[in-house]
Amino acid sequence: HTRPINEALAANSTLAQLLQRLKEAEARMDTVREVLPPSLRAHVRTGVLDEAGWNLLVPNGAVAAKLRQCLPAIEQAMVVRGWKPTSVRVKVQSDRA
């Protein structure tokens, strides 16, 4: 008998916490997209959300530099939306393997 993936994830506390963090990171990303310049939105992806903070992933240094300029607006939007303040880190992650 197979179980639906959501049921299986919910049954395991570690996986359930991971799923919750993924959902929260995506919800936070929705807030970020609202404050980013349109030309930057397609280049920023959500990364790991943990106790130490949240990573935003970008493809190169130029995008990272521009995103870092937006961090005060991002952090303010998070507070306005009711998110617990957390450190936002910008990480360059190229698609090359």
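How exposed is Asp-50, in relative accessible area? Asp-50 is partly exposed, at 27%. Here, buried means under 20% relative accessible area, exposed over 50%, and partly exposed in between (1.4 Å probe, protein chains only).

This is a predicted model: local features need pLDDT of at least 70, side-chain atom pairs count only at pLDDT 80 or more, and totals for chains, interfaces and linings use all residues. Residues are numbered from 1 along each chain as its sequence is written, and side-chain values use heavy atoms, with hydrogens and water left out.

**Overall layout**

The chain has four helices and three strands. Helices (H or I, at least four residues) and strands (E, at least two) are DSSP runs, numbered from the N terminus. Along the sequence, the order is α-α-α-β-β-α-β. The C-alpha atoms fill a box of roughly 50 × 35 × 25 Å, taken along the principal axes. The chain has 97 residues, and 29% of them count as buried.

**Helix packing**

Two packed helices are described by the angle between their axes and the distance between the axes. Helix H2 covers residues 13-35. Helix H4 covers residues 61-80. H2 and H4 pack at about 130 degrees, with their axes 9 Å apart. Axes are lines fitted to C-alpha atoms, for helices over the stretch in contact, and angles run from 0 to 180 degrees between N-to-C directions. H2 and H4 are therefore oblique to each other. The classes are: under 35 degrees roughly parallel, over 145 roughly antiparallel, 65 to 115 roughly perpendicular, and the rest oblique. The crossing of H2 and H4 is right-handed. That term applies if the near helix is turned clockwise from the far one by less than a right angle, and left-handed applies if anticlockwise.

**Salt bridges**

The whole structure holds five salt bridges. The criterion is a side-chain nitrogen of Lys or Arg within 4 Å of a carboxyl oxygen of Asp or Glu.

| Pair | N to O distance |
|---|---|
| Asp-30 and Arg-33 | 3.0 Å |
| Arg-81 and Glu-34 | 2.7 Å |
| Asp-50 and Arg-89 | 3.7 Å |

Take the Asp-50 and Arg-89 salt bridge. This pair links distant parts of the chain: Asp-50 sits in strand S1 (residues 45-50) and Arg-89 in strand S3, 39 residues apart. Arg-89 is partly exposed, at 22% relative accessible area.

Next, Arg-81 and Glu-34. Arg-81 lies in the loop between H4 and strand S3 (88-92) and Glu-34 in H2, so the pair ties together parts that are 47 residues apart in sequence. Arg-81 is partly exposed, with 46% relative accessible area.

Asp-30 and Arg-33 both belong to H2. They are three residues apart, about one turn of the helix. Asp-30 is partly exposed at 43% relative accessibility, and Arg-33 is partly exposed at 32%.

Leu-15, Leu-18 and Leu-22 make a nonpolar surface patch of about 270 Å². Patches use residues with over 30% relative accessible area and no salt bridge; like charges are joined within 9 Å, nonpolar side chains (Val, Leu, Ile, Met, Phe, Trp, Tyr) within 5 Å. Accessible areas come from the Shrake-Rupley method with a 1.4 Å probe; for residues, only the protein chains shown count as cover. Leu-18 lies in H2 and is partly exposed, at 47% relative accessibility.

Asn-6 is placed in helix H1 (residues 5-11). Asn-6 is exposed, at 53% relative accessible area.
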